[in-house]
Amino acid sequence: MNKKRRRSGFIGMLVVVLLAGLLVGGEAEAVKIRWATIAGFYTDWAKEVIKDFEKQNTDIDVEVVDIDFGVLYEKEGIELVGKTGAYDLITTESCWKPEWAHAGWLFPLDDFIVKTPREELDMKDISPALVKLACSYKGKVYALPYYTYTQGMFYRKDLFEDPLEKAAFFKKYGYPLAVPKAWEQHRDIAEFFTRKPGEKLKGKTLDKPFYGVGMMAGRFPQIQDEWMSILWSWGGEIIDEEGDIVVNSPIAQKALLHYKNMLKFAPPGASTSAYDEVVAQMKENMIAMTMGFYLDQAANIIKVEETVPGAVIGAAPAPGWTAYIGAFGIGISMDSRHKEEAWKFLKFISSKKAQIKFALGGGTTCLMSVLKDPEIQAHRKTCWHYKTLAEILDYHEKHNITHPFFDSPVAGKIYEELMIKINEGAMGTKPVKQALDELTATIERLRAQVR
Amino acid sequence: MKRENKISKFTEKYFPYILEAPALIIIFILALFPLFYALRMALHETILTNPGSHPFAGLNNFREALNKDPMVWYSLKNTAIFTVSAVSLEMVLGCAIAFLLNRKIKFQGLVRGLLLLPMACAPIAVGLVWRYMYHPDFGVFNFFCSALGLAERNWLGDVSTAMLSLVVFDVWQWTPFIIFVVLAGLQALPGEPFEAAEVDGASRWQIFKTLTFPMLAPLLIFVLILRTIDALRFYDPIYALTRGGPGTTTETITWYLYKIGFKFFNMGYASSIAFIFLYAVIILSAVLVAVLKSFSLEEGG
Amino acid sequence: MISVEKHHFNWNKVGIIALIIFVVLIFIFPIYWMIITSFKSDADILTRPPTWWFKPTIKNYIHAFKHANFGLFMVNSLIVAVTSTIIVVCLSFLCAYGFARYNTVGRDQFMFFILSTRMFPQIAVVIPYFVLFRNFRLLDTRIAMIILYTMFNLPFAIWLMHSFIKDIPVDLEEAARVDGYSRWRILRKIILPLVAPGLAVTAIFCLLFSWNEFLFAFLLTRTRAATITVGVSSFWTQRGILWGPLCAAAAVCVIPMMIFVALLQKYIVRGLTFGAIKG
């Protein structure tokens with residue numbers, strides 16, 4: 001018993017000492033700001049940017065906190081709700097911005113922007129389409145986008161340009177094989193390229209099945225991005241201009257039915273796939289193309305040219321141009337105690353220099369001048385998709401394409417619910433109409449609770 | 001001298017209260033405060049993304065939960081399906097294995113030690129490992145399936161197998177609990193009635209039916225109560241394995257509460273559901289305890 | 001006749017042993033799989049079919065500790081678990097003695113209250129605790145987690161110690177009183193040594209619970225006080241799950257508790273059943 005006492009006494013002392021150390025701490029001289037961001041998304045680049053920034057601003061220490069995207073919403077949310085001021089810089093998704101702006105959790109950046117000279121931050125350089133979608137709410141700017149995942153489409157250029165395949169396609173469908181401009185064409189191509197082992201692809205016999213399309217049909221946020229690409233290109237919306245909920249309109253049902261029917265041209269793992277799996281499928285020579293897909297994955301998906309002999313990857317706007325569009329932004333929390341310092345870092349990250357570094361490191365910037373720069377586009381390994389992306393963003397700006405969904409104060413919550421309902425409809429767990437009707441009811445309830 | 005007497009008299013009289021005070025104070029403050037806070041949230045419209053104060057809402061949250069939200073009943077159904085499946089499988093398997101182990105074998109200690117291991121594992125940690133084992137392409141379960149000639153499946157993504165996958169996990173982790181308790185119970189049974197029955201020529205089944213089972217019944221029911229109450233709080237493995245999916249087929253009440261509270265930030269509504277659930281569980285336990293008391297001759301849990 | 005009996009008996013015995021081995025293998029297989037996966041390189045993990053023979057590497061463990069800050073999580077868990085366990089063991093011992101030997105006010109109601117605290121869905125009380133700790137500026141601190149786990153474990157510990165103390169016959173204490181021992185002395189010199197196994201069981205279960213707890217640690221800590229379970233879950237990133245480092249982290253999380261539990265298996269049943277059933 002004595003030994004036990006002594007041991008527990010020792011542990012107790014140790015604990016007290018450790019706790020004392022923790023409590024006493026010691027105020028560092030530099031101002032500390034914390035940036036909450038998505039784990040795994042170019043955290044190396046983030047660390048480099050922080051190093052550069054801290055060299056220029058020796059009185060500010062930036063701590064980056066990596067949080068898995070699947071729980072980023074609630075982890076940032078709980079700190080914002082609790083007004084803890086724990087995170088100075090908040091990474092926002094397009095759908096969270098209206099919610100958090102409405103709740104008064106994000107600090108409007110307009111004053112800061114007005115005071116910042118053009119050389120440091122050129123707001124006009126940021127894609128206007130993205131500013132509208134990802135940054136502003138009711139006329140004020142709440143976040144600066146630093147990373148866009150706007151969708152286009154990836155496809156196996158070598159398959160599309162193969163003479164044998166082209167001839168066979170024309171014979172079967174009566175029109176030439178080309179990058180699809182409509183979802184019906186997209187479907188035909190997917191059907192065309194779905195082959196069983198023993199059949200031929202590009203003249204060679206297959207020993208494992210090949211599929212026309214890779215789909216992210218798992219119960220993750222990516223499924224609704226794929227579905228919304230179809231929905232929007234047919235003129236449908238989740239919430240229309242008048243503010244009515246139209247997610248169960250006939251167009252929406254048609255879009256979901258179309259999506260569901262595409263599943264038979266996708267690998268069986270589609271029902272639990274997110275974007276990682278689709279990229280892996282492309283690299284393993286399993287699919288011919290994607291649905292609306294995040295162009296920021298370009299640096300990863302181009303590796304198919306290494307893993308599959310003869311493969312050439314191509315990018316194009318998705319049929320209808322209006323695939324899912326959005327960006328991750330960084331905003332300043334209302335309860336941050338160091339807003340000035342946070343702004344210094346925010347404009348540093350959004351500056352052209354940092355964004356160029358980001359681009360060359362494999363990131364996808366939102367600055368149009370960087371996207372359109374031919375020298376940067378020439379970096380095939382990381383920036384080969386920039387030309388297509390710039391075209392897509394220009395198209396959105398030219399045609400003034402907006403989606404009222406991104407201005408709804410419950411957009412984030414709708415987004416969470418969407419993935420469940422779309423997955424149910426796509427998997428056949430519930431009839432398409434029922435899934436969308438239930439979704440409408442939920443959205444109505446959520447909206448009714450907004451004050 | 002006098003002061004010492006006074007102090008020792010004081011401590012004599014209030015000795016038990018002095019002993020109990022520290023623990024009870026901590027418990028009362030830290031248990032009752034959240035309970036009352038949650039109750040307060042349930043009685044107000046507490047949606048955390050709405051700026052401003054939270055208006056009083058009376059029993060609105062409770063009414064909405066019971067009358068207007070099919071998901072509440074659906075998730076309760078899922079909870080019931082999970083709990084009943086998992087606990088009954090654990091009871092049956094646990095008893096069977098306990099009977100199997102109730103004999104003199106070498107390496108008793110080793111066997112018991114190994115069977116305890118699943119319970120020692122953090123559910124979230126080992127749950128993620130099971131996610132890997134359930135993986136449709138790289139998981140080892142599908143490997144065993146194809147080796148045995150059975151169909152490979154997408155265990156966690158398929159509506160027909162998702163709940164089963166969760167149940168199998170829980171059975172793996174908690175059957176040892178049943179095994180050890182039943183084993184202890186078996187080893188504590190008095191020997192004479194059994195010897196007498198054998199002398200009388202009763203068959204093994206008869207002995208089991210009239211002696212073993214009735215004598216074990218109070219123990220079994222007690223352990224059933226404990227296991228059920230714990231199974232109702234199942235959360236970590238859902239986080240690791242299915243997150244409520246596919247669709248909402250594995251959304252139990254705990255997961256639904258998480259969604260409402262931390263995705264929709266409607267804490268008032270979530271709290272009201274929690275209280276309704278607590279009420280239901282208390283009633284359920286009271287029923288089970290009454291059953292226990294009717295079986296038991298000595299004091300039960 | 002005899003040889004047939006012998007033959008029959010042997011088969012029966014062998015069959016039983018085989019069955020027992022089979023059962024044990026099934027229960028420890030996932031743990032075995034976790035451990036060997038933690039020593040596999042990425043190429044060996046994402047294979048179809050799974051690899052059984054491979055070249056082991058400790059890369060995953062290095063990744064976990066170097067790049068994922070896992071060492072800090074382990075230390076946090078250790079401090080929080082040990083400290084809260086010590087507090088719980090001491091306080092529950094005293095309180096349980098009071099309950100066992102004295103018919104204090106509200107004792108029976110309290111015992112029921114203890115069981116009912118396990119019935120309330122944890123999720124619903126996260127926000128209240130969040131608010132409480134925020135108001136005292138205790139978010140993301142180890143102290144908050146220690147306080148929280150102490151609160152979670154006390155009811156169970158009190159009940160458990162209560163059953164152990166009840167085992168000790170009152171005569172010993174009465175004899176000591178006659179001999180002039182003060183109550184405190186009785187506690188220290190007589191009761192404490194006799195309930196040492198009970199203290200051990202209580203300590204084990206408190207350690208186990210604190211170490212394995214996830215939800216509250218996840219929501220109430222950020223970076224400084226995150227525990228080992230939060231650390232393990234962080235390997236599920238947007239880039240996909242890093243299975244190798246995850247299994248390494250899970251192994252580090254799981255193995256200490258397995259060792260503890262295996263060493264004290266004699267008392268496990270007692271602990272599992274709130275002291276109602278002696279192992």
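This is a predicted model: local features need pLDDT of at least 70, side-chain atom pairs count only at pLDDT 80 or more; totals for chains, interfaces and linings use all residues.
In H3(A), the buried residues are A:Phe69, A:Val71, A:Leu72, A:Tyr73, A:Glu74, A:Lys75, A:Glu76, A:Gly77, A:Ile78, A:Glu79, A:Leu80 and A:Val81. With 12 of its 13 residues buried, H3(A) is largely enclosed by the rest of the structure. Its length also agrees with expectation, because 13 residues at 1.5 Å a residue should span 18 Å, and the end C-alpha atoms of this helix, residues 69-81 of chain A, are 18 Å apart. After H3(A) comes A:Lys83, which has a positive phi, near 50°.

Let me turn now to the aromatic rings, of which a search of the whole structure finds 79 pairs over all chains. One of them is formed by A:Trp321 and A:Tyr395, whose ring centres are 4.4 Å apart and whose planes are at 5°, so the pair is stacked, planes under 30 degrees apart being the criterion. This pair links distant parts of the chain, since A:Trp321 lies in the loop between strand E13 (313-316) and strand E14 (327-332), whereas A:Tyr395 belongs to helix H20 (residues 386-398), 74 residues apart. A:Trp321 counts as partly exposed, at 26% relative accessibility, and A:Tyr395 is likewise partly exposed, at 23%.

A further pair brings B:Phe143 and C:Trp52 together with 5.7 Å from centre to centre and 50° between the planes, and is tilted. Here the pair crosses between chains, from helix H7 (residues 140-147) of chain B, where we find B:Phe143, to the loop between helix H2 (42-45) and helix H3 (59-66) of chain C, where we find C:Trp52. B:Phe143 has a relative accessible area of 24% and is partly exposed, and C:Trp52, at 27% relative accessibility, also counts as partly exposed.

In chain A, the charged end of A:Lys254 sits over the ring of A:Trp234, at 4.1 Å from the ring centre, and in chain B the charged end of B:Arg243 sits over the ring of B:Tyr239, at 4.2 Å from the ring centre.

Finally, is B:Phe107 buried or exposed? B:Phe107 is exposed, because its relative accessible area of 61% lies over the 50% cut-off.

How values were computed: Residues are numbered from 1 along each chain as its sequence is written. Chains are lettered from A and ligands numbered from 1 in the order in which they are written. Side-chain values use heavy atoms; hydrogens and water are left out. Rings of Phe, Tyr and Trp (its six-membered ring) pair if their centres lie within 6.5 Å; planes under 30 degrees apart count as stacked, over 60 as edge-to-face and the rest as tilted. Helices (H or I, at least four residues) and strands (E, at least two) are DSSP runs, numbered from the N terminus. Buried means under 20% relative accessible area, exposed over 50%, partly exposed in between (1.4 Å probe, protein chains only). A charge sits over a ring if NZ of Lys or CZ of Arg is within 6 Å of the ring centre and within 35 degrees of the ring normal. The expected span of a helix is 1.5 Å times one less than its number of residues.
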